[in-house]
Amino acid sequence: MIGVDTHKHVHVAAVMDTIGGILATLTIPTDTGGFQQLADWAASFGTVLAFGIEGTGSYGATLTSFLRRAGHKVVEAGRPDRRLRRMNGKSDTLDAENAARAVLAGFATATPKTADGEAEMIRQLKIAHDQAVEQRAAAMVTMKAMLVHASDALRRETAGKTQISLARQLAALRPRRLEGPEDALRHTLRTLAKRWQYLDAEAKELTKMIGDLVQRVAPQLLEPFGIGVDTAAEILVVAGDNPERIKSEAALAKLAGIAPVPTGSGMTSGRHRINHGGHRQLNAAIYRTVIVRMRFHQPTIDYVARRTTEGKTKREIIRCLKRYVIREVYHLLRPAPRTASAAS
């Protein structure tokens, strides 16, 4: 087993035999030459069963891709146990050893995303899109806050306008020379309005690109009621380009933070609590789908009414509906999007 602690500029690896003994450690640069050095070094000790890598989706992404192309099994090692870290200390070598030990013991079993197809493309576009939307909202909030200090005439002209109309009107301002606070305010409003327009155009362009990719990769995700492009994109990002790595609907529910966690002990066996882990963005997307169905989807409205008469609270009903939605999503992902498109 090879455990790897990943960083931006260097990776630290440790090789462990099948009885848990550390044989050697190695530090490599994070480039193709370093990756090849690691592969050759690992092979010199015998048959490599698996690589346990921390951060396969961040600093370890390129190493994961290199090793996968070379035919090696790669496992996401995850973060070391905090209790062990407090007891034994922390160093790059210890982290690499813990990664190898987690794979050997069977604690680390997650298959990393391949990040080599349309799902990775969607993920990258969504990063830019979400940031543009966030900054667009911040620009509008600042614009409206600055309007409080504007003249009575300008405030009357802009009252009750939509965001697009407001930005269009303020962007058309022709500020005079900088001779007083009012002139500076007009310059500020014009700048913020132009910034909002630019970010709005950028967000719309990215939304169209993401929508085209979703329609091309997994159009079946857009068929169920309440699942739009944004939710479908979030599902594909979490599933990755190899959704077959998610072995069951329960695994997908746990990945989304929707599966309950057992908390029984002694006389309280059978108790559960909400799972506060999982992918929070996917969890939020599934929640939005449930809320839409509760308002506009008649079968869901009937279900809510029936469960309410049984004594369930609204929060409990939403949890049940989220579990049903994630089950539906899992079966839509079962024919892997890439395989389905290739077969067609």
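1. Two strands are taken as paired if DSSP finds at least two bridges between them. Helices (H or I, at least four residues) and strands (E, at least two) are DSSP runs, numbered from the N terminus. The model is predicted: local features need pLDDT of at least 70, side-chain atom pairs count only at pLDDT 80 or more, and totals for chains, interfaces and linings use all residues. Residue numbers start from 1 along each chain as its sequence is written, and side-chain values use heavy atoms, with hydrogens and water left out.

2. Strand β1 (residues 2-6) runs antiparallel to β2, and five bridges join the two. T6 has H11 of β2 as its bridge partner.

3. Strand β2 (residues 10-16) also pairs with strand β3 (residues 22-29), again in the antiparallel sense, over seven bridges. V12 has T27 of β3 as its bridge partner, and A14 stands opposite T25 in β3. Five residues lie between the strands in this hairpin, where G20 takes a positive phi near 90°.

4. How many residues of strand β2 are buried? Six of its seven are, and the strand is mostly covered. Buried means under 20% relative accessible area, exposed means over 50%, and partly exposed lies in between (1.4 Å probe, protein chains only).

5. Two surface patches deserve a remark. Patches consist of residues with over 30% relative accessible area and no salt bridge; like charges are joined within 9 Å, and nonpolar side chains (Val, Leu, Ile, Met, Phe, Trp, Tyr) within 5 Å. A salt bridge is a side-chain nitrogen of Lys or Arg within 4 Å of a carboxyl oxygen of Asp or Glu.

6. The patch of positive charge on the surface gathers R79, R82, R83 and R86. Lys and Arg count as positive, and the charge of Arg is placed at CZ. R82 belongs to helix α3 (residues 82-88) and counts as exposed because its relative accessibility is 55%.

7. The nonpolar surface patch is formed by F225, V292 and F296, with about 270 Å² of accessible area together. Areas come from the Shrake-Rupley method with a 1.4 Å probe. F296 lies in helix α11 (residues 280-296); at a relative accessible area of 53%, F296 is exposed.
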